[in-house]
Structures are given as C-alpha cells and as structure tokens.
Amino acid sequence: MTPPDLVIAKPPADISVRSSSGMEGRVVTDGVDITHGAILYLESISVSFDGFKALNDLTLMIDAGELRCVIGPNGAGKTTMMDVI
C-alpha cells in the first residue's frame, strides 16, 4: 500500500505579499545564515510505520524568502514531514 501523493506547491516568483491593511511584506534575513543557499534542506528522507511508507525518498529545499504550501489528502505524509523537520 502506497500513500497518496504529497504535493509541495511553490508560488510564482512574481507574487507580492500584501496584508488586508495594505502593508507590503518583506523578507527579514537578519540572524539567519543563508550563505549556503537554503534555510531548510531535506534529502532522501524515508519514514515507515510497520512496513507502511509514510515518506518515501522526500527531498525538499526552501530558500530564504520562499513560501511553500504543503497540501494532500489524509495519509499523504504531511504531519510526518513536519515531525521530521
């Protein structure tokens, strides 16, 4: 039995961040070391529970200023991924 597809969506680069009050957002990187190019990097992560693979060879990289949304049906591995992080 394989888990449903886990989708990690990356918004287009031309999206601007604006709140309901009209304030524009900005990325603050003070105190975060981004010289290596990513603020979060996972490579080849696999997690199984009694033979059921919740995560199978997951690779994820998030750069400074990126926004990612993780969507998927129940059992896709969203919570397991967050627990690993």
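Confidence in this chain is lowest in strand β1 (residues 7-9), at a mean pLDDT of 57, and highest in helix α1 (residues 78-84), where the mean is 93; pLDDT is the predictor's confidence in each residue, from 0 to 100. For the element names, helices (H or I, at least four residues) and strands (E, at least two) are DSSP runs, numbered from the N terminus. What we have here is a predicted model, in which local features need pLDDT of at least 70 and side-chain atom pairs count only at pLDDT 80 or more, while totals for chains, interfaces and linings use all residues. Residues are numbered from 1 along each chain as its sequence is written, and side-chain values use heavy atoms, with hydrogens and water left out.

Across the chain, pLDDT averages 74, and 58% of the residues score at least 70. Over residues 11-17 pLDDT stays under 50, and for these residues the model has 4 contacts beyond four places in sequence, a contact being heavy atoms within 4.5 Å. Where pLDDT is low, the predicted coordinates should not be read in detail.

Let me go back to helix α1, which contains Thr80. At 14% relative accessibility Thr80 counts as buried, where buried means under 20% relative accessible area, exposed over 50%, and partly exposed in between, with a 1.4 Å probe and protein chains only. Which residues does Thr80 contact, leaving aside its neighbours within four places in sequence? They are Val47, Phe49, Ala54 and Leu55.

One is Ser44, with a phi of about 55°, placed in strand β2 (residues 40-49) and partly exposed at 44% relative accessibility. The other is Asp57, with a phi of about 60°, which is found in strand β3 (residues 52-62) and is likewise partly exposed, its relative accessible area being 48%.

Finally, the charged side chains. How many salt bridges does a search of the whole structure find? That search finds 1, a salt bridge being a side-chain nitrogen of Lys or Arg within 4 Å of a carboxyl oxygen of Asp or Glu. Glu66 and Arg68 are the partners, and their closest N and O atoms are 3.5 Å apart. Side chains of opposite charge can pair when their charged atoms come close. Both partners are partly exposed, Glu66 with a relative accessible area of 22% and Arg68 with one of 24%.
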